[in-house]
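These are my notebook entries on one structure, written down in the order in which I looked things up.

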Amino acid sequence: MGARLPRCSVRRCDRIARVLTLCKSHAKQRADRAFSLFIRNRDGRCMASGAHAGSLQCAHVISRRYLAIRWEKQNAVVLCARHHAYFTHWPLEWLEWVD
């Protein structure tokens with residue numbers, strides 16, 4: 001009989017633990033949350049308007065689908081929810097603003 005593989009410590013998750021006591025999905029989720037809090041606390045206001053308008057969000061300059069740069073500080077800015085939604089739906093304006 002082989003050794004039993006460790007399971008994810010998140011309640012009701014039966015996946016195999018890969019990172020410490022978490023499965024890959026939950027480890028990525030926790031890393032995203034910690035990174036977002038760091039970025040929002042670093043700047044503290046919307047970079048597009050300069051004001052603290054509404055809820056602040058962490059916006060990635062280059063899509064977070066690319067894991068190599070997903071948690072790079074230079075790849076993230078703070079935007080209010082309104083500007084984040086605007087730039088999400090208007091990618092050409094986003095590129096212009098980033099430049």
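This is a predicted model: local features need pLDDT of at least 70, side-chain atom pairs count only at pLDDT 80 or more; totals for chains, interfaces and linings use all residues.

**Entry 1: surface.** I looked up the accessible surface of the protein and found about 7,500 Å², of which 55% belongs to carbon and sulfur atoms. Accessible areas here come from the Shrake-Rupley method with a 1.4 Å probe, and for residues only the protein chains shown count as cover. Residues are numbered from 1 along each chain as its sequence is written, and side-chain values use heavy atoms, with hydrogens and water left out.

**Entry 2: fold and extent.** I found 3 helices and 2 strands in the protein, and along the sequence they follow the pattern α-β-β-α-α. The radius of gyration is 17 Å, well over the 13 Å that the globule rule gives for 99 residues, so the protein is more spread out than a compact globule. For the terms, helices (H or I, at least four residues) and strands (E, at least two) are DSSP runs numbered from the N terminus; the radius of gyration is taken over C-alpha atoms, and the globule rule is 2.2 Å times the number of residues to the power 0.38. I also noted the box that the C-alpha atoms fill, which is roughly 60 × 25 × 20 Å along the principal axes.

Entry 3: Of the 99 residues, 26% count as buried, where buried means under 20% relative accessible area, exposed over 50%, and partly exposed in between (1.4 Å probe, protein chains only). I then looked at contacts, meaning heavy atoms within 4.5 Å: among those between residues at least 6 apart in sequence, 40% join residues at least 24 apart. The mean positions of the 18 positive and 7 negative charges are 15 Å apart. Lys and Arg count as positive and Asp and Glu as negative, while His and the chain ends are not counted; the place of a charge is taken as NZ of Lys, CZ of Arg, CG of Asp or CD of Glu.

**Entry 4: rings.** How many aromatic pairs does the structure hold? I found 5 aromatic pairs. One of them joins Tyr86 and Phe87 edge-to-face, at 5.4 Å centre to centre and with 65° between the planes. Rings of Phe, Tyr and Trp (its six-membered ring) pair if their centres lie within 6.5 Å, and planes under 30 degrees apart count as stacked, over 60 as edge-to-face and the rest as tilted. Tyr86 is partly exposed, with a relative accessible area of 38%, whereas Phe87 is buried at 9%. Ring pairs link Tyr86, Phe87, Trp90, Trp94 and Trp97 into a cluster.

**Entry 5: His26.** Is His26 buried or exposed? I found His26 in helix H1 (residues 24-43), and at 14% relative accessibility this residue counts as buried. Leaving aside neighbours within four places in sequence, His26 is in contact with Cys8, Val10, Cys13 and Arg15.

Entry 6: Val98 lies in helix H3 (residues 91-98) and is partly exposed at 33% relative accessible area. Although Val98 and Val61 are 37 residues apart in sequence, I found their C-alpha atoms 7.4 Å apart in space. Ala51, in the loop between H1 and strand E1 (56-60), is also partly exposed, with a relative accessible area of 33%. Not counting residues up to four places away in sequence, Ala51 touches Arg45 and Cys46, and from Ala51 to Arg7, 44 residues apart in sequence, the C-alpha distance is 44 Å. Thr88 lies in helix H2 (residues 81-89) and counts as exposed at 51%; the C-alpha atoms of Thr88 and Arg12, 76 residues apart along the chain, are separated by 33 Å.

**Entry 7: positive phi.** Arg12, in the segment before H1, has a phi near 65°, a positive value in a residue other than glycine, and is exposed with a relative accessible area of 74%. Leu20 is placed in the segment before H1; phi of Leu20 is near 50°, a positive value in a residue other than glycine, and at 81% relative accessibility Leu20 counts as exposed.
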